[in-house]
Amino acid sequence: MSQSQFFLFVEGKHIDGFVHGNNCDLALSGLKVKHEVVRADEISGSGSGKTRLLTHYELLVEKRQLVSGFKGKTTVAIFFMDKDLDDIRGRHVNSDHVIYTAFYDVENHVFAEGDIQRAVAAACNLSPQRVREELPGGGVWQTRAAHYWQDWVRLCFAANVLKLHGEANYGRLSPLNPKPYGPPDAQTVSLFELRSHALARQFCPNGCQDWESARERVDALYEAGRQDEVFKGKWYAEILARWLMDLDSDIDRRALAAMLVRQVAGTMKFDSQWSRDVQAKILDLAMKAGFRFPKQRALESSAAHDSPSKESEPQ
């Protein structure tokens, strides 16, 4: 039987447990609460990771077991999910026990909070000085990569929110960019846009207007510096891996993208606004479930002991 009191249900099996587990460590530090990460692929069922989490969440809601007590032991369930476009499509679950990423997925936060220069040097056995000379830090590289893919993001976003089942989707890398880390090919962009526009005219109630509105929404987010809300974070590692392969032929290419994500995650400090917000939500759930810091417990116990009982109160 598990001794854990907090169960963290996460979508992915590569980096989610590390990121969400670290936020939980920081949030519950001092409470002496044991937590356990449960991956979606460890839950019985079918479908994507998020589908399994949602199904399990609904089951716990039905059984009233998001917070449960058995033989004096309190357990709390928290579900960590990638936001994707759930908020825009009206799929966002409103619950204290469901915590979303602020960006498209957890990898966006990894690349926003991590030190990619240090991570690349470690992952590829390169001199830190060489990496600094070749790879801009401070979020510059991520911003540039996302802008190179803006045409692809427009197409994927429109296809997703308008439910256009065509060739543009978040599940594939951009076919518009001959080199993933470079600008798109204008002719290829035009061809994809023509086909996407045709699908919108055929299947959307307002056709051209809906299609243009979706694309304008992407542009507005980019202009506001909020491109990570619609740019899929998992793409960053693939783009960076392709760039590194072309930079140095001696770099070990085996599972390079996956290695890069882990290395970048290892440099995170978990002190961003999103991380602090997540930690606050976790701690709030712990407090509501009755967990207390040792000193807080002692003070509450003392106050309860010193307060007069109802029988001794004057009538």
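Contact here means heavy atoms within 4.5 Å. By that rule, Q150 is in contact with D219 and Y222, leaving aside its neighbours within four places in sequence. The model is predicted: local features need pLDDT of at least 70, side-chain atom pairs count only at pLDDT 80 or more, and totals for chains, interfaces and linings use all residues. Residues are numbered from 1 along each chain as its sequence is written, and side-chain values use heavy atoms, with hydrogens and water left out.

**Overall build**

- The chain holds 13 helices and 5 strands. Both are DSSP runs numbered from the N terminus: helices are H or I with at least four residues, strands are E with at least two.
- The C-alpha trace spans about 85 × 55 × 35 Å along its principal axes.
- Of the chain's 315 residues, 47% count as buried. Buried means under 20% relative accessible area, exposed means over 50%, and partly exposed lies in between, with a 1.4 Å probe and protein chains only.
- Take the contacts between residues at least 6 apart in sequence: 68% of them join residues at least 24 apart.

- β1 runs parallel to β2 (residues 35–39), joined by 5 bridges. Strands count as paired if DSSP finds at least two bridges between them.
- F6 has H35 as its bridge partner in β2.
- β1, helix α1 (residues 16–28) and β2 form a right-handed β-α-β unit. Right-handed means that, with the strands pointing away from the viewer, the path from the first strand over the helix to the second runs clockwise.
- β1 also runs parallel to β4 (residues 73–81), again through 5 bridges.

**Strand β4 and its other neighbours**

- β4 is largely enclosed by the rest of the structure, because 7 of its 9 residues are buried.
- β3 (residues 67–70) pairs with β4 in the antiparallel sense over 4 bridges. F70 has K73 as its bridge partner in β4.
- The hairpin of β3 and β4 has 2 residues between the strands, and K71 takes a positive phi near 55° there.
- β5 (residues 98–100) runs parallel to β4, with 3 bridges between them. M81 has Y100 as its bridge partner in β5.

**Largest pocket**

- The largest pocket holds about 520 Å³ of space. On a 1 Å grid over the protein atoms alone, a pocket is an open set of points with protein on both sides within 12 Å along at least five of seven lines; a cavity is a set where a 1.4 Å probe fits but cannot get out; lining residues have an atom within 4 Å of a point.
- Grid points are joined across faces, edges and corners, and a volume is the space filled by probe spheres set on the points.
- The pocket is lined by 27 residues, and E11, S48, K50, D82 and D84 lie nearest its centre.
- The lining divides into 7 nonpolar, 7 polar and 13 charged residues. Ala, Val, Leu, Ile, Met, Phe, Trp, Tyr, Cys and Pro count as nonpolar; Asp, Glu, Lys and Arg count as charged; the others, Gly among them, count as polar.
- α2 (49–62) and α3 (106–113) each supply at least two lining residues. The largest share, 4 residues, comes from α2.

**Largest cavity**

- The count comes to 1 cavity of 30 Å³ or more. The largest cavity has a volume of about 40 Å³.
- α5 (128–134) and α10 (234–247) are the elements that give two or more residues to its lining.
- V120, L126, R130, V131, E134, L135, W243, L244 and L247 line this cavity.
- By class, that lining has 7 nonpolar, no polar and 2 charged residues.

- Q150 sits in helix α7 (residues 150–161). Q150 counts as buried because its relative accessibility is 13%.
- A198 sits in helix α8 (residues 186–203). At 29% relative accessibility, A198 counts as partly exposed.
- A198 and W211 are 13 residues apart in sequence, and 9.8 Å apart in space, C-alpha to C-alpha.
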